[in-house]
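Biologist: Hi! Could you walk me through this one?
Modeller: Happy to, here it is.

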Amino acid sequence: MEHWMQRASSFAGDIDNLVLLVTVLVGGWFIAAEGMFFWLIFRFRAREGVRSQYITGKEPHLKRWINIPHWLILACDAVIIVAAVRVWMLVKQDLPPADDSIRVIGQQWVWSFQHSGADKILDTADDILITDELHVEVGKTYHFLLESKDVLHSFSVPVFRLKQDAIPGRVITGWFKPIRTGTHDIQCAEMCGIGHGIMMGRITIETPEQHAAWIQEHTPLAAAATSGTP
C-alpha cells in the first residue's frame, strides 16, 4: 500500500495493515464463494438422461458445506474484531504524552490553525494563527484540539490515515506523530455545504531547524519583542 500512498504518521502502517487483513480475509472468502457458485452451476447443469435430485438441505453430508464455512467465517470475524479494537485503542483511546499542541478549527469553508509558538503552550502571546497551513516538526508527538464553528466537518490527513469529525459545541482531542518530512493535503471529509469541495489545507512536516525558523519568522511582533526574540 505504501507504493500508492505515502505513510507519514506513526500509526499509518497499523491502519494499512488492518485494511490489508480485512481485504485478504474477505477477498479470500469472496473468491471461494464465487468459485463454488460457478462450480455448482457447471457440475449440476441440466443434462439429457440425468434426473434431477430432490434434497431438503438437512442431509448431514450437505449440511457440512454450510456448517464448516460458517464456523470458519466466525473465526475470521473474531480475528478482524481483535485487530480492529487494537488499532482503535492505539489511535483513538491511548493518548501518548505530547511534545506540542495545536488547535484546529473548521468553519465554512476554511481550516484555521493555532500553533503554540516557541513556548509550546497554547493560548499565550506567542501563538501563531494561520489559515489553511499547518506546520509541525518531524518526530514530535502532537495533540490536536479539534473544534467546529458552524456545522459538522471532518479533519482528514490522508498520509497520516487520520480522520476525525469536528462537532459544533465540542472540543475533540486527538494525536499524531509525523515520521517523515514533506508537504501533504488536509481535507474536509464531511459534506459541509456548497463549498465543501474547496475546503482544503496543507500540512508541512519540517526538520527541527526548519520548524524553529518558521516559528521565529511567524511569531507575532509583540510577543517577539517581549521575549527578546530578534
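**Strand pairing and overall shape**

Modeller: Strands E4 and E10 (residues 200-206) run parallel and are joined by 5 bridges; two strands count as paired if DSSP finds at least two bridges between them. This is a predicted model, where local features need pLDDT of at least 70, side-chain atom pairs count only at pLDDT 80 or more, and totals for chains, interfaces and linings use all residues. Residues are numbered from 1 along each chain as its sequence is written, and side-chain values use heavy atoms, with hydrogens and water left out.

Biologist: Which residue in E10 is the bridge partner of Val-136?
Modeller: That is Ile-205.

Biologist: What about the chain, how many helices and strands?
Modeller: The protein chain has 4 helices and 10 strands. Helices (H or I, at least four residues) and strands (E, at least two) are DSSP runs, numbered from the N terminus. The order along the sequence is α-α-β-β-β-β-β-β-β-β-β-β-α-α.

Biologist: Why is the chain described as more spread out than a compact globule?
Modeller: Because its radius of gyration is 26 Å, well over the 17 Å that the globule rule gives for 230 residues. The radius is taken over C-alpha atoms, and the rule is 2.2 Å times the number of residues to the power 0.38.

Biologist: What box do the C-alpha atoms fill?
Modeller: Roughly 100 × 35 × 30 Å, along the principal axes.

Biologist: Changing topic, what share of the residues is buried?
Modeller: Of the 230 residues in the protein chain, 33%.

Methods:
Buried means under 20% relative accessible area, exposed over 50%, partly exposed in between (1.4 Å probe, protein chains only).
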